[in-house]
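User: I'd like to go through this model and ask what stands behind each label. Can you take me through it?

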Amino acid sequence: MSLLGNLIWLICGGLFSAAAWFFIGLLWSITIIGLPVGLQCFKMARLSLSPFGKIVDSGGSTGSLLLNILWLLLGGIELAIFHFIIGVILCVTIIGIPFGRQFFKFAQLALFPFGATIHRSSQVYRSIN
């Protein structure tokens, strides 16, 4: 079922989301100092191509807190607003609600991407049982 959701996701804005993360990642990767931030953006772009069936856990260390603050000031707010607005637009219809929820997940990630880990939902369920 997640395969079908991911295919429809690409049509409903997933490609735009991935392109936005990729573009921001390219901008960060221009300098050596910004390369770790750019690599994180590329990971989020890959997640943007197939978000269904994946769970994101927030957390991290002091280093990730400092990177999150720097990220928030230099690009995170714009991406979060972009994802939030598209999520609200998609939630207008019943069919768009699952896709809007994915955009809300990306809005949260756009605010604090460092220290977040991505798991397949089947791995999480196996570890609980």
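Predicted model: local features only at pLDDT ≥ 70, side-chain atom pairs only at ≥ 80, totals over all residues.

User: What makes up the surroundings of Ser17?

Analyst: Ser17 belongs to helix H1; helices here are DSSP runs of H or I with at least four residues, strands are runs of E with at least two, and both are numbered from the N terminus. Setting aside neighbours within four places in sequence, Ser17 contacts Ser48, Phe82, His83 and Phe103, where contact means heavy atoms within 4.5 Å.

User: And why is Ala45 called buried?

Analyst: Its relative accessible area is 7%, so Ala45 counts as buried. Ala45 sits in helix H2 and, beyond neighbours within four places in sequence, touches Ala18, Trp21 and Phe22. Ala45 and Phe22 are 23 residues apart in sequence, with their C-alpha atoms 5.6 Å apart.

User: What makes something a nonpolar core, and which residues have the most contacts in the largest one?

Analyst: The term covers buried Ala, Val, Leu, Ile, Met, Phe, Trp, Tyr and Cys residues joined through side-chain atoms within 4.5 Å. The largest has 23 residues, and Trp21, Trp71, Leu79 and Leu109 have the most contacts inside it. Helices H1 (2–28), H2 (35–49), H3 (62–90) and H4 (97–111) each give two or more residues to this core. Leu109 touches Trp21, Met44, Leu47, Val56 and Ala116, not counting residues up to four places away in sequence.

User: How do you know which residues of the chain are listed as "transmembrane region"?

Analyst: That comes from UniProt, in an unreviewed entry, which lists residues 6–35, 55–74 and 80–99. Positions are in the numbering used here, feature names are shortened, and annotations may be inferred rather than shown by experiment. In the model, residues 6–35 are 80% helix and 0% strand, with end C-alpha atoms 28 Å apart. Residues 80–99 are 70% helix and 0% strand, with end C-alpha atoms 15 Å apart.

Key:
Residues numbered from 1 in each chain as written. Heavy atoms only, no water. Buried < 20%, exposed > 50% of the residue type's maximum accessible area, 1.4 Å probe, protein only.
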